[in-house]
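Visitor: I would like to learn how to read a few local features of a model. Could we take them one at a time?

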Amino acid sequence: MPSASENQPPTAHPSPVNDYDALAEGYTAENEAGIANAYYERPAMLALAGDVAGRRILDAGCGAGPLSAELSARGAVVTGIDASAGMLALARRRLGEGADLRVADLRDPLPFADGAFDDVVASLVLHYLEDWGPTLAELRRVLTSGGRLIVSVDHPFALHGMQYLAGNRTDYFATYNWTEEWDMGGRTATMSFWNRPLHAMTDAFTAAGFRISVISEPQPVPAARELFPDAFRALSSSPSFLFFVLEAG
């Protein structure tokens, strides 16, 4: 995960943020091979999902589709949504023309019927949103009773520590925005995130009608030890992401 940068106040004419269309090719290459996604976050999401054969799964914020591909290979019936048409084009290239992929913003009502899915996976996407309430309500709506929402987000205390080491005296208990520049594949974009404390996350989940089944802080898979020795040691002692399994009541 890129390092935290100093909080930046909004400008009168802000440039576009979170432009995954611009970063699509470079981000996908990093996601495919880097330790953070390929050897840490994605294996943890798949382990939490477990046996998904025959389950209807919404991949909310599917990007170029690596998690969708893994879930499909394990027998799930997967629908993918993402706000970036550029990322979805790469997902369609990976998954085939018959894949159910749709442009949709998680801040808006979802184009699905009530109870349409057995599971929703939301991989490193909720931390882009300031207000989780409407999004979680929609994800709860499209889940069948007893369905699961499986979530990964930036670890709040990890980010707080990174900000502190960078000289930024942030308040762990506050929900605040921070930005940084990503340079991938020769393209640069400003990325904007919302950091919130653990209790704000759990409060939002329960307010939306979810029961917290699992809170997990996994480590990278052993195969990463030789490929990324320094990063492996860092992630093995200081997590970057936090994972939840939530059950729809």
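Visitor: Is L124 buried or exposed?

Guide: The model is a predicted one, and the cut-off for calling a residue buried is under 20% relative accessible area. L124 has a relative accessibility of 13%, so L124 counts as buried.

Visitor: Where does L124 lie?

Guide: L124 sits in the loop that runs between β4 (117-123) and α5 (133-141). Its backbone deserves a look as well: phi of L124 is positive, near 50°, in a residue other than glycine.

Visitor: Then let us go on to the helix itself. At which residue does α1 bend?

Guide: Helix α1 covers residues 20-33 and bends at G26, by about 45°.

Visitor: Which residues of α1 are buried?

Guide: An α-helix has 3.6 residues a turn, so residues three or four places apart point the same way. In α1 the buried residues are Y20, A22, L23, A24, G26, Y27, T28 and N31.

Visitor: What covers the buried residues of α1?

Guide: The cover includes three helices, α2 (35-49), α3 (66-73) and α4 (85-95). It also includes the strands β6 (176-184) and β7 (187-195).

Visitor: Since α2 is part of that cover, what about P43 in α2?

Guide: P43 lies in helix α2 and is partly exposed, with a relative accessible area of 24%. Leaving aside residues up to four places away in sequence, P43 touches N37, A38 and V221. As for G63, P43 is 20 residues from it in sequence and 16 Å from it in space, C-alpha to C-alpha.

Visitor: How many cavities of 30 Å³ or more does a search of the whole structure find?

Guide: The search finds one. The largest cavity holds about 40 Å³ of space.

Visitor: Which residues line the largest cavity?

Guide: The lining consists of H127, W132, V153, D154, L159, W194, N195, R196 and M201. By class, five of these are nonpolar, two are polar and two are charged. Strands β5 (143-154) and β7 each supply at least two lining residues. β7 is also named in the cover of the buried residues of α1.

Technical notes
Residues are numbered from 1 along each chain as its sequence is written. This is a predicted model: local features need pLDDT of at least 70, side-chain atom pairs count only at pLDDT 80 or more; totals for chains, interfaces and linings use all residues. Side-chain values use heavy atoms; hydrogens and water are left out. The bend at a residue is the angle between axes fitted to the seven residues ending there and the seven starting there. Helices (H or I, at least four residues) and strands (E, at least two) are DSSP runs, numbered from the N terminus. Buried means under 20% relative accessible area, exposed over 50%, partly exposed in between (1.4 Å probe, protein chains only). Contact means heavy atoms within 4.5 Å. On a 1 Å grid over the protein atoms alone, a cavity is a set of points where a 1.4 Å probe fits but cannot get out, and a pocket is an open set with protein on both sides within 12 Å along at least five of seven lines; lining residues have an atom within 4 Å of a point. Grid points are joined across faces, edges and corners, and a volume is the space filled by probe spheres set on the points. Ala, Val, Leu, Ile, Met, Phe, Trp, Tyr, Cys and Pro count as nonpolar, Asp, Glu, Lys and Arg as charged, and the others, Gly among them, as polar.
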